[in-house]
Amino acid sequence: MWCFHCRRRLAPYIDGALAEGEIRKVDRHLNACARCRQERDRQLAVSAALRSLPEVAPGPAVWQAMEAVLDMEKRRSVKAAPLARPGWVLPKRIAGAAALALAIIAGVLITEIWIAPQPVLIKPAYALDYGMFLDGIAGQSSQWEQFAREYAFHGVSLEEARRATGFALLAPQELPGGLALESVHLLKSGCCRAAALKYSSGRVFLYLFQQPPGHPAFFGGRKVAQAPRWCDSCKWIRARGCQGLYWEEGDRGFVIIANLSEQELTRIVMALRAASTSGQVQRFGRQEGGDQ
Amino acid sequence: MGGASTPTGRSQATDFEELFQKYRQAVFNLLLRMTGNYDGAIDLTQDVFVRALRAWPTLRDPGQARTWLFRIARNVALRSLDNQRRHPTSSLEDLDETPASGAPALDDELLRKERAAALQRALNSLPAETRLILLLRDKEGMEYSEIAQVLGCSQGTVASRLNRARRRLGRKLEQMR
């Protein structure tokens with residue numbers, strides 16, 4: 001057996017997945033070849049290292065929350081259960097053609113009759129350039145100038161921001177990982193309000209916008225994906241290279257934009273919505289076991 | 001799901017709950033090691049079980065539930081990683097955090113955590129499918145036949161991919177020393 005053949009068989013050899021005859025061949029080669037023995041030992045070490053990776057156990061609250069979501073899903077699937085099969089059944093070919101015709105007609109009707117709601121004609125909230133805002137380069141961009149002409153505060157407290165913007169939803173003081181709110185910058189244009197919040201270590205910059213309900217394109221964003229499972233009125237958007245989530249509550253539309261993953265944005269938005277319902281400000285913080 | 005029954009006469013709801021209780025930890029740890037992100041892994045774990053719940057009536061052989069579930073986990077993980085690659089984002093937390101200050105850590109414990117962190121960094125640098133096959137075999141202890149079902153390939157392919165994956169990770173670990 002050559003080294004090439006031996007090395008190709010090392011993984012199943014180590015894992016006991018080789019046939020008897022093959023095992024003997026590999027054994028004989030390994031007895032004679034130091035380099036292949038070295039390779040075998042390297043693979044054994046890799047395997048052992050992976051086995052030694054610690055198991056991480058989320059706290060019970062995590063599993064309880066997950067069970068609640070699964071219960072909700074079970075109830076939803078019961079509601080959406082298909083109707084009982086009718087007593088008559090069309091021949092397959094005719095049924096298929098009828099279904100296709102119906103789909104075409106439905107598609108035409110939907111396109112012509114149901115059009116996405118026209119946005120309310122209000123002055124749009126320009127999505128500021130991320131980098132420029134961070135540098136605070138006021139007056140050097142026409143978009144910023146337009147905003148600045150209306151109303152702009154810098155470096156206000158969260159309480160002042162709440163009064164100025166009238167935001168019912170507030171940004172968290174802390175984010176997971178111990179990131180603390182460092183500064184708040186406010187913007188207003190017409191009926192739109194925006195707050196840009198910078199968290200510690202410069203790692204996170206959340207944009208919160210509020211406006212009358214409308215198309216999230218007003219924030220410079222475009223819809224990119226289906227609504228998240230937990231919110232029918234929500235839209236995932238992408239604005240200025242960042243992920244965003246738009247949702248409506250009552251007579252207001254909100255958008256949060258940040259360069260965070262969908263999962264992390266979801267967690268922040270869900271907590272904010274819960275806080276607005278309960279009238280309290282949600283505080284994030286790392287707890288024992290990592291659950292929240 | 002309601003009160004539908006499996007061929008054994010037990011309720012589907014009970015069987016699914018057993019599946020959840022039995023494999024939730026393993027699925028979470030697989031997704032944690034695939035993504036290197038604790039919060040992300042929790043959300044992906046939930047995603048996996050929601051999808052599994054929806055597809056539960058299509059599972060013909062309850063004996064294959066484990067590989068069936070891990071196949072869903074694989075698809076969810078790869079989709080999430082692909083999405084991250086297209087739209088890179090900041091992460092609020094990294095997996096290899098330093099221990100919280102307070103009681104001084106024992107040297108052995110600290111060393112163990114550093115090794116785990118180094119191994120996770122090495123894993124993170126590998127392609128997703130390479131990471132997956134290593135975790136399925138060496139962490140989850142799946143047989144080649146089971147891995148083949150999860151990945152949708154032959155056992156021979158599993159053997160050669162695993163060979164390459166271990167060599168690759170071994171070289172990474174040596175480079176990091």
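## Where chain B meets chain A

B:Glu17 and A:Lys74 form a salt bridge, their closest N and O atoms lying 3.1 Å apart; the term stands for a side-chain nitrogen of Lys or Arg within 4 Å of a carboxyl oxygen of Asp or Glu. This is a predicted model, in which local features need pLDDT of at least 70 and side-chain atom pairs count only at pLDDT 80 or more, while totals for chains, interfaces and linings use all residues. Residues are numbered from 1 along each chain as its sequence is written, chains are lettered from A in the order in which they are written, and side-chain values use heavy atoms, with hydrogens and water left out.

Here is the contact between the two chains in brief.

| Item | Value |
|---|---|
| Residues from chain B in the contact (heavy atoms within 4.5 Å) | 55 residues |
| Residues from chain A in the contact | 53 residues |
| Salt bridges between chain B and chain A | six salt bridges |

About 5100 Å² is buried between chain B and chain A, with carbon and sulfur atoms giving 55% of that area. Buried area is the accessible area (1.4 Å probe) that two parts lose on being put together, summed over both.

B:Arg33 is buried but has no salt bridge, and A:Glu55, its nearest side chain of opposite charge, is 7.0 Å away. Buried here means under 20% relative accessible area (1.4 Å probe, protein chains only). The side chain of B:Arg33 does reach the backbone oxygen of A:Pro54, at 2.8 Å.

Notes
Buried < 20%, exposed > 50% of the residue type's maximum accessible area, 1.4 Å probe, protein only. Lys, Arg positive; Asp, Glu negative; His and termini not counted. Polar contact = N/O pair within 3.5 Å; in protein donor to acceptor, adjacent residues only side chain to side chain.
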